[in-house]
Amino acid sequence: MGTFKCASCGQEIKPAADCPHCGAHQPQWVEHLAEIERSIAEMKAREAAIAAEQRQIAAKMQAALFQRDILAHAGEERLKQSARPH
């Protein structure tokens with residue numbers, strides 16, 4: 001968490017609506033809060049995109065596993081057929 005200089009007394013303070021030293025209103029906390037809100041919104045959007053990508057990858061993997069199982073079974077059947085005496 002960043003610190004700010006009080007607009008009134010110049011003391012280093014943590015983000016707050018009012019300076020804990022002199023009680024003066026601190027306008028920069030509103031800007032800091034807005035910056036955090038933007039950051040949270042960006043992270044939520046990225047999280048949603050990652051979740052969508054994860055669902056898409058899971059669906060593709062499921063399809064690939066299904067195809068693999070079908071092909072493996074077909075290969076096993078072909079070997080069984082060729083191993084039988086005619």
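**View 1. Gln26, a buried residue in a loop.** In this predicted model, Gln26 is buried, with a relative accessible area of 1%; buried means under 20% relative accessible area, exposed over 50% and partly exposed in between, with a 1.4 Å probe and protein chains only. Gln26 sits in the loop between β2 (12-13) and α1 (28-83). Helices here are DSSP runs of H or I of at least four residues and strands are runs of E of at least two, numbered from the N terminus. Leaving aside neighbours within four places in sequence, Gln26 is in contact (heavy atoms within 4.5 Å) with Lys5, Cys6, Ala7, Ile13, Ala16, Ala17, Asp18 and Cys19.

**View 2. A polar pair at Gln26.** Look for the backbone oxygen of Ala24, which lies 2.9 Å from a polar atom of the Gln26 side chain. A polar contact is a pair of N or O atoms within 3.5 Å; within protein, one must be able to donate a hydrogen and the other to accept it, and residues adjacent in sequence count only if both atoms are side-chain atoms.

**View 3. Lys5 in strand β1.** Is Lys5 buried or exposed? Lys5 is exposed, at a relative accessible area of 54%, and belongs to strand β1 (residues 4-5). Not counting residues up to four places away in sequence, Lys5 touches Gly10, Gln11, Glu12, Gln26 and Gln28. How far from Lys5 is Lys80? The two are 75 residues apart in sequence and 81 Å apart in space, C-alpha to C-alpha.

**View 4. The chain around these sites.** Stepping back, the elements run β-β-α from the N terminus, giving 1 helix and 2 strands. The C-alpha trace spans about 100 × 15 × 10 Å along its principal axes. The chain has a radius of gyration of 31 Å, whereas a compact globule of 86 residues would be near 12 Å; this radius is taken over C-alpha atoms, and the globule rule is 2.2 Å times the number of residues to the power 0.38. Of the 86 residues, 8% count as buried. Among contacts between residues at least 6 apart in sequence, 4% join residues at least 24 apart.

**Notes for all views.** Residues are numbered from 1 along each chain as its sequence is written, and side-chain values use heavy atoms, with hydrogens and water left out. As this is a predicted model, local features need pLDDT of at least 70 and side-chain atom pairs count only at pLDDT 80 or more, while totals for chains, interfaces and linings use all residues.
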